[in-house]
Amino acid sequence: MRSLLQALSIARKDLTVELRTKESLNAAIAFSVVMLLLFSFAFDPAADVTREIAAGLLWIVFAFSGALIFNRAFVRELPNDCLDVLLSSPISPASLLLGKAAAIFVLLLFLEAISLVVFGVFYNLRWWLRPIELALVCILASWGISILGAVFGALTVNLRLRELMLPVIIYPILIPLLIAAVELTDTLFRNQPLSPDQLLWGRLLVVFDVVFTALALALAEAILVN
Amino acid sequence: MRERLVIALAAIAALLLAYNLYHIFLVLPDEAAQGAIYRIIFFHVPAAITAFTGFFVTLVLSIMYLISGNLRYDSLAASVTEVGVVFACVNLVTGMIWARIIWGIWWTWDARLTSMLVCVLIYSGYLMLRRAIDEPTQRARLSAALSIFGFADVILVWKSIQWFRTQHPSPVLSIRTGGGNIDPAMEHMLYLNFLAILMIAAALVLVRTRQETMAREIDSLRRLANAA
């Protein structure tokens, strides 16, 4: 319980800093709009085929723009040795990681909400047909991205080549999550019922979240404490 | 002692490989449906099993490093991963050659091909991460953590991509199918070549581990000299 409260205070601190500076959120939103614009040149926005691959495009946008958010989560703590101060405080490494992931999660959901609206307008996509299920998919997939983003943000924070290493490491590991999210989102955009086969993807998202959250908490000390 | 072990292992592997090559190319007949190209399976399947054995061993060594803090486990884990990635690439390349002949294309986004490619990317990331960190204990700690995350993901990758799409031939080994999918003489040769390739991999791991250990010792001497 105490660890959760500690995690919440870290998340609140990160969100307050982000709301005041808006440094990563503005960049991530701008980047997602740029990507949506670039897609309109790669594919004909009016063609049916674009709407068929809309779910895939959207999750690529979420994952790539999300990188701008989780990349900053730990880098923000480097000036003035704030990370060392946080690690020497009574807050456990697991709570620190969980708090960072929670802050990334909230920002990622906000980014997704904005991107969905922009995508709907630009590509004439009816994304609101199954709002509750879509929200559930976004929550499950975003948590997976957030916890891995926090883990690999922490893992690469002290590296010279962190901006290069982070995407190389994280995207192959996110593949099962992205496949599941794309499959489910595609069905929801088409407003088709979820078959038992597709519910497997939902289960995969849950398993992904549980496995990597458990691993992140177990390995937090090894990742963060030098 | 270790050098002798490496030489002995490599010599036995070479002899076994020569025996296997003779049987694969000159004794065993062509396969009824695929013709001569089926012989690639004697390298394709053992390379995949060797790669996955390597990735599993890396997981175990990474956990052992995090528990004990002994850098020898880290050196061994790095060597095993390197060799594992090499054999995963052998598996991919031999598969592509086979696919070109049988399917008429070099690559298809089939479940197993994609999964193996993802595994190569995950463990290439592990090797790149190691190169990006200079301090040995930090390198060992972070790469051990990445290896544990990577192996957990490998299982999910294989399961998810299998659901997503597959057109790869079904398993042929009788331990998976209960028999009947492959001629016993061919299956026997498959196991024998797996043994030869595993021994080559073990010899390579021993050579690489020695290099890793020496590199770490040289690095610590250099740091000592710089500090003095």
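What you have is a predicted model, where local features need pLDDT of at least 70, side-chain atom pairs count only at pLDDT 80 or more, and totals for chains, interfaces and linings use all residues. Residues are numbered from 1 along each chain as its sequence is written, chains are lettered from A and ligands numbered from 1 in the order in which they are written, and side-chain values use heavy atoms, with hydrogens and water left out. Over all chains there are 14 aromatic pairs and 19 salt bridges.

**Aromatic rings**

- Rings of Phe, Tyr and Trp (its six-membered ring) pair if their centres lie within 6.5 Å; planes under 30 degrees apart count as stacked, over 60 as edge-to-face and the rest as tilted.
- The structure holds 14 such pairs over all chains. One of them, Phe119(A) with Tyr123(A), is stacked, at 4.7 Å centre to centre and 20 degrees between the planes.
- Phe119(A) and Tyr123(A) sit about one helical turn apart because they are four residues apart in helix α6 (residues 93–123) of chain A. Helices here are DSSP runs (H or I, at least four residues), as are strands (E, at least two), and both are numbered from the N terminus.
- Both Phe119(A) and Tyr123(A) are buried. Buried means under 20% relative accessible area, exposed means over 50%, and partly exposed is in between (1.4 Å probe, protein chains only).
- Over in chain B, Trp98(B) and Trp103(B) form an edge-to-face pair, with 5.3 Å centre to centre and 80 degrees between the planes. Trp98(B) counts as buried at 12% relative accessibility, while Trp103(B), at 26%, counts as partly exposed.
- There is also a ring cluster, in which ring pairs link Phe152(A), Phe208(A), Phe212(A) and Phe149(B).

**Lys100(A), Asp14(A) and their partners**

- Lys100(A) lies over the face of Phe74(A), 5.3 Å from the ring centre. For a charge to sit over a ring, NZ of Lys or CZ of Arg must be within 6 Å of the ring centre and within 35 degrees of the ring normal.
- Lys100(A) also forms a salt bridge with Asp14(A), the closest N and O atoms being 3.0 Å apart. The pair links distant parts of the chain, with Asp14(A) in helix α1 (residues 2–21) and Lys100(A) in helix α6, 86 residues apart.
- A salt bridge is a side-chain nitrogen of Lys or Arg within 4 Å of a carboxyl oxygen of Asp or Glu.
- Both Asp14(A) and Lys100(A) are buried, and Asp14(A) has a relative accessible area of 3%.
- Asp14(A) has a salt bridge to Lys13(A) too, at 2.8 Å, N to O. Lys13(A) counts as partly exposed at 27% relative accessibility.

- The side chains of Arg208(B) and Glu82(B) meet in a salt bridge at 2.6 Å, N to O. Arg208(B) lies in helix α7 (residues 184–227) and Glu82(B) in helix α3 (residues 71–102) of chain B, so the pair ties together parts that are 126 residues apart in sequence.
- Glu82(B) is partly exposed, with a relative accessible area of 26%.
- Salt bridges with shared partners join Lys13(A), Asp14(A), Glu18(A), Glu23(A), Arg72(A), Arg76(A), Glu77(A) and Lys100(A) into one network.

**Nonpolar surface patch**

- Phe31(A), Val34(A), Leu37(A), Leu38(A), Phe41(A), Ile60(A), Phe64(A) and Leu68(A) make a nonpolar surface patch of about 710 Å².
- Two or more residues each come from α2 (23–42) and α4 (54–75) of chain A, with α2(A) giving the largest share, five residues.
- Patches are made of residues with over 30% relative accessible area and no salt bridge: like charges are joined within 9 Å, nonpolar side chains (Val, Leu, Ile, Met, Phe, Trp, Tyr) within 5 Å. Accessible areas come from the Shrake-Rupley method with a 1.4 Å probe; for residues, only the protein chains shown count as cover.
- Phe31(A), in helix α2 of chain A, counts as partly exposed at 32% relative accessibility.

**Two single residues**

- Ser115(A) is in helix α6 of chain A and counts as buried at 1% relative accessibility. Leaving aside neighbours within four places in sequence, Ser115(A) is in contact (heavy atoms within 4.5 Å) with Ser32(A), Leu36(A), Val61(A) and Phe62(A).
- Thr137(B) is found in helix α5 (residues 136–164) of chain B and, at 36% relative accessibility, counts as partly exposed. Leaving aside neighbours within four places in sequence, Thr137(B) is in contact with Tyr65(B) and Leu71(B).
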